[in-house]
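Good morning, colleagues. Please take a moment with the sequence and the model before I comment on the contacts within the chain.

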Amino acid sequence: MTSTPRVAVVTGAARGIGAATARRLAADGHAVAVVDLDESACAETVSAIKDSGGRAVGMGADVSDPAQVEAAVARVVEQLGAPTILVNNAGIIRDNLLFKMTVDDWDAVLSVHLRGAFLVTKAVQAHMVEAKWGRVVNLSSTSAQGNRGQVNYSAAKAGMQGFTKTLAIELGRYGVTANAVAPGFIATDMTRATAERMKISFEEFTEGVAEQVPVGRVGQPEDIAATISFLTSEEAGFVSGQVIYVAGGPAD
Ligand code: NAP
């Protein structure tokens with residue numbers, strides 16, 4: 001993939017899909033701000049990028065906190081330059097059936113995914129508009145179509161799709177595209193936590209899921225990173241407002 005070197009911000013990049021995406025965007029030639037709740041947790045991703053000859057800085061910020069987001073984006077500008085690639089990946093799950101779900105579980109999930117994506121995008125878009133070039137990729141999920149025990153998460157992930165389409169409409173005239181990637185089951189700590197909640201081993205869980213996936217396996221973080229690499233490339237400039245399901249089979 002040919003890409004002009006840019007400055008990219010990836011949230012929730014200490015591990016899982018975010019870490020794989022940060023590494024992939026660095027391999028594509030971009031300088032990467034590795035943002036996560038705890039700055040020290042970013043060290044592994046940052047080292048992996050630097051060891052491969054890339055540029056990266058780790059940054060601690062809670063994406064749902066406006067002041068922390070503003071401060072983090074200011075640090076990105078200072079240390080790497082103006083960001084024109086943004087991957088809104090930070091996420092949490094607080095699964096429960098509706099009748100048992102607490103208001104805190106509802107608020108926490110909506111806050112990290114939707115308020116977080118709103119705050120970081122608002123802070124970063126100013127730099128994209130100034131550069132007249134930008135790429136926003138938001139993490140949705142197949143759960144956007146409904147998933148038992150995830151009324152909060154599915155609402156947040158469906159919300160990410162509407163958010164993405166509106167960004168595409170508003171920012172297109174400034175050379176900015178916005179797309180959503182909706183993964184199916186990806187092997188990360190998030191799906192490990194689901195296996196624990198269901199009281200089955202992760203191996204048993206993934207084998208059962210793989211049987212239902214047309215390509216016969218669960219996804220890996222690198223599967224999502226590869227799709228994001230395309231969507232953030234120069235060549236993807238005419239792809240905007242789309243939701244790309246990366247689920248090993250049809251999902252919408
Ligand atoms: P993960 O392994 O749990 O990683 C998520 C990262 O986000 C963690 O490092 C976490 O930090 C960070 N984070 C949480 N709250 C944050 C906040 N307020 N501010 C900044 N960072 C925060 O999850 P993943 O599986 O890689 O998922 C990444 C994204 O893909 C999420 O949006 C998820 O909903 C989506 N997704 C995942 C799957 C899947 O099957 N794994 C499927 C569809 C969509 P801490 O470790 O400190 O909590």
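I begin with a definition: a salt bridge here is a side-chain nitrogen of Lys or Arg within 4 Å of a carboxyl oxygen of Asp or Glu. What we are viewing is a predicted model, in which local features need pLDDT of at least 70 and side-chain atom pairs count only at pLDDT 80 or more, while totals for chains, interfaces and linings use all residues. Residues are numbered from 1 along each chain as its sequence is written, and side-chain values use heavy atoms, with hydrogens and water left out.

Across the whole structure, seven salt bridges are found. One of them joins Glu 222 to Arg 23, with 3.2 Å between the closest N and O atoms. Glu 222 belongs to helix α8 (residues 221-231) and Arg 23 to helix α1, so this pair ties together parts that are 199 residues apart in sequence. Helices (H or I, at least four residues) and strands (E, at least two) are DSSP runs, numbered from the N terminus.

A further salt bridge links Asp 189 with Arg 15, the closest N and O atoms being 2.8 Å apart. Asp 189 sits in helix α6 and Arg 15 in the loop between β1 (7-11) and α1 (16-27), so the connected parts are 174 residues apart in sequence. As to accessibility, buried means under 20% relative accessible area, exposed over 50%, and partly exposed in between (1.4 Å probe, protein chains only). At 53%, Arg 15 is exposed, whereas Asp 189, at 40%, is partly exposed.

Helix α6 also contains Ala 193. The C-alpha atom of Ala 193 is separated by 9.0 Å from that of Ile 93, 100 residues away along the chain.

I turn now to the strands. Which strand is joined to β3 by five bridges? It is β2 (residues 31-36), and the two run parallel; strands pair if DSSP finds at least two bridges between them. Within this pairing, Ala 33 stands opposite Val 57 in β3. Four of the five residues of β3 (residues 56-60) are buried, so this strand is largely enclosed by the rest of the structure.

Finally, the aromatic residues. Rings of Phe, Tyr and Trp (its six-membered ring) pair if their centres lie within 6.5 Å; planes under 30 degrees apart count as stacked, over 60 as edge-to-face and the rest as tilted. By this rule there are two aromatic pairs. The ring centres of Phe 185 and Phe 205 are 5.1 Å apart and their planes lie at 80°, so the pair is edge-to-face. Both Phe 185 and Phe 205 are buried, and together with Phe 202 they form one aromatic cluster.
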